[in-house]
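Please open the model in your viewer and keep the selection tool at hand. The stops below say what to select and what to look for there.

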Amino acid sequence: MVGAVKEDVLKELVKMRVCQLPDSIERGRADEQDTQARIRQGLKENLRTSNEQYEDHLKGTLNKLKRSYWSKCQAVEVS
């Protein structure tokens, strides 16, 4: 009796576990895709911010430094 119950119960439990396994795999895959999407979006935002900072630096600071450099070069040439 015990052997028959173990055999029947174990077979049913194994079937239930196998049926539940793909759901957990799908959830894990969906979680991984969500994580990758968040990382990808964060990287895009960081690149956008970096490009904006670069453009600001290029247009603002570097142009001022260039003008200052050329004016000092001309002052030295005149002297």
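This is a predicted model: local features need pLDDT of at least 70, side-chain atom pairs count only at pLDDT 80 or more; totals for chains, interfaces and linings use all residues.

Residues are numbered from 1 along each chain as its sequence is written, and side-chain values use heavy atoms, with hydrogens and water left out.

Of the 79 residues, 0% are buried, where buried means under 20% relative accessible area, exposed over 50%, and partly exposed in between (1.4 Å probe, protein chains only). The accessible surface of the chain is about 7500 Å², and 59% of that belongs to carbon and sulfur atoms; such areas come from the Shrake-Rupley method with a 1.4 Å probe, and for residues only the protein chains shown count as cover.

Next, select Glu45 and Arg48, which form a salt bridge (a side-chain nitrogen of Lys or Arg within 4 Å of a carboxyl oxygen of Asp or Glu). Their closest N and O atoms are 2.7 Å apart, and both residues lie in helix 1, 3 residues apart, about one turn of the helix. Glu45 counts as partly exposed because its relative accessibility is 37%, and Arg48 is also partly exposed, at 41%.

Move on to Tyr54, Leu58, Leu62 and Leu65, which make a nonpolar surface patch of about 360 Å². Patches are made of residues with over 30% relative accessible area and no salt bridge, with like charges joined within 9 Å and nonpolar side chains (Val, Leu, Ile, Met, Phe, Trp, Tyr) within 5 Å. Leu65 lies in helix 1, which covers residues 2-78, and Leu65 counts as exposed because its relative accessibility is 51%.

Terms used. Helices (H or I, at least four residues) and strands (E, at least two) are DSSP runs, numbered from the N terminus.
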